[in-house]
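Hi,

Here is the structure I promised to send over. Have a look at it first, and then read on for what turned up.

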Amino acid sequence: MSTQLETLPYRHVLTLPSEPSAVRIARETAELALVEWRIGLRHPTVGPALLILSELITNSVRHAAVLSPQLTVTYAAGRDCLAFAVHDRHPYQPPLYGSVTGGSTGGLGTVMELVHGLSGTAVVRPDADGGGKSVWITLPL
């Protein structure tokens with residue numbers, strides 16, 4: 001998928017405390033944004049996308065909250081794709097493509113299985129200062 005994320009016409013940014021309630025708030029915000037952008041919640045990509053989003057936020061809350069009291073979720077969409085990122089200020093950059101294992105029961109393994117199953121892409125983008133990162137997911141609609 002060669003979509004330039006910066007060119008997507010729809011975008012929403014949400015900053016939340018790095019605590020478990022962030023998962024629910026981010027999902028509810030995603031649903032509101034999708035409806036506003038006229039992407040039906042019954043679209044076959046939406047359910048898996050919300051699960052991916054939940055897993056990424058859960059990972060950030062579990063593993064980065066000590067160094068990152070807040071996380072930021074960026075939602076973006078265009079006519080033919082949906083993208084979102086979860087950003088925190090923990091410097092560790094997880095190896096996404098080494099995460100898929102045969103016995104995966106959650107976390108990044110689940111994220112990557114869903115991304116691959118939807119023919120999407122995933123990338124970790126480090127902050128310029130190396131003190132944090134964003135995990136970007138792009139899925140075709």
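Which residues are exposed on the other side of α1? They are L32, V35 and E36, where exposed means over 50% relative accessible area, buried under 20% and partly exposed in between, with a 1.4 Å probe and protein chains only.

Some ground rules before the rest. This is a predicted model, so local features need pLDDT of at least 70 and side-chain atom pairs count only at pLDDT 80 or more, while totals for chains, interfaces and linings use all residues. Residues are numbered from 1 along each chain as its sequence is written, and side-chain values use heavy atoms, with hydrogens and water left out. Helices (H or I, at least four residues) and strands (E, at least two) are DSSP runs, numbered from the N terminus.

Back to α1 (21-36). This helix has 16 residues and reaches 23 Å from its first C-alpha to its last, close to the 22 Å expected at 1.5 Å a residue (the expected span being 1.5 Å times one less than the number of residues). Its buried residues are A22, V23, A26, T29, A30, A33 and L34. They sit on the same side of α1, because they cover an arc of only 135° around the axis (the arc is that of the directions from the helix axis to the C-beta atoms). What they pack against is β1 (10-17), α2, β2 (70-77) and β3, with contact taken as heavy atoms within 4.5 Å.

Now the cavity. On a 1 Å grid over the protein atoms alone, a cavity is a set of points where a 1.4 Å probe fits but cannot get out, and a pocket is an open set with protein on both sides within 12 Å along at least five of seven lines; lining residues have an atom within 4 Å of a point. Grid points are joined across faces, edges and corners, and a volume is the space filled by probe spheres set on the points. There is one cavity of 30 Å³ or more in the structure, and about 80 Å³ of space lies in the largest cavity. Among the residues lining it are A30, A33, L34, W37 and Y75. α1, α2 (46-64) and β3 (81-88) each supply at least two lining residues, and α2 gives the most, with four. By class, the lining has 12 nonpolar, no polar and no charged residues. For the classes, Ala, Val, Leu, Ile, Met, Phe, Trp, Tyr, Cys and Pro count as nonpolar, Asp, Glu, Lys and Arg as charged, and the others, Gly among them, as polar.

The largest pocket holds about 250 Å³ of space. Of its 13 lining residues, N59, S60, H63, P94 and K133 lie nearest its centre. α2 has the largest share of this lining, five residues, and the classes come out as seven nonpolar, four polar and two charged.

G107 and N59 are 48 residues apart in sequence but 6.7 Å apart in space, C-alpha to C-alpha. After α3 comes S119, whose phi is positive, near 60°.

Cheers
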